[in-house]
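Student: Could you walk me through this structure? I'm new to it.

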Amino acid sequence: MRDTDADVTGKDIEDLVGKFRDIPVDFATIDLGYMNLREFNETYLAKVLKEYNIPYFTIELPHYVKGYFTSQISEINNKYDELKSTYSMLKDKNTPGAQELSYLIDYYSNELRELNYYINQQIRIESAVNRILSVIKDRDSKNLTFVHFGEESTLVEIMKHLKEQNVKSNILFIQRSKFLDHPN
């Protein structure tokens, strides 16, 4: 499911999870992003995985990310929005003050981009790889098939890290966005 704009129905989720039995899938891992376990357990995906007796393991961002980085991102967003609002109200955007505002807007925009990149491409990948490795520890990874619900932007790096760890499992990747957003 690559079309993130397409609506995913409960039947789509059931059909997908039902096909896991034909493969068969040993377990699922779910990258929760900023969602917590309680919220995930209320999703239709969680209900269907339980219904089909497919064990699942969630991957949460570490608490320091949810706390520190969330507040830092919020703070930068507030500064960015304030600066952008002030800049848009200026009549003369060629003054030194306006140019300084423009510079600061670009600076904060870049800060947000870098923080999001760090969280998504460093911390999220590291968390996913560590969780998958802990789940398959003491199992013969060559005979495992599991499905990972995650962000497409992290897939290649997760696969690369798992390969470096000699994980030989069959991994099915599914874009998580719509599956976690579907109401119960």
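Tutor: Let me start with a term: a nonpolar core is a set of buried Ala, Val, Leu, Ile, Met, Phe, Trp, Tyr and Cys residues joined through side-chain atoms within 4.5 Å, where buried means under 20% relative accessible area and exposed over 50%, with partly exposed in between (1.4 Å probe, protein chains only). This is a predicted model, in which local features need pLDDT of at least 70 and side-chain atom pairs count only at pLDDT 80 or more, while totals for chains, interfaces and linings use all residues. Residues are numbered from 1 along each chain as its sequence is written, and side-chain values use heavy atoms, leaving out hydrogens and water.

Student: OK, how many residues does the largest nonpolar core have?

Tutor: The largest nonpolar core has 21 residues, and among those with the most contacts inside it are Val-17, Phe-20 and Leu-49. The elements giving two or more residues to this core are α1 (10–22), β1 (27–33), α3 (44–51) and β3 (145–150); helices (H or I, at least four residues) and strands (E, at least two) are DSSP runs, numbered from the N terminus.

Student: Which element gives the most to this core?

Tutor: That is α3, with 5 residues.

Student: Switching to α6, which residues are buried there?

Tutor: In helix α6 (residues 152–164), Thr-154, Ile-158 and Leu-162 are buried. Seen down the axis of α6, the buried residues fall within an arc of 70° (taken from the directions from the helix axis to the C-beta atoms), so they line one face of the helix.

Student: And what does the face turned away from the buried side carry?

Tutor: That face of α6 carries the exposed residues Val-156, Lys-163 and Glu-164.
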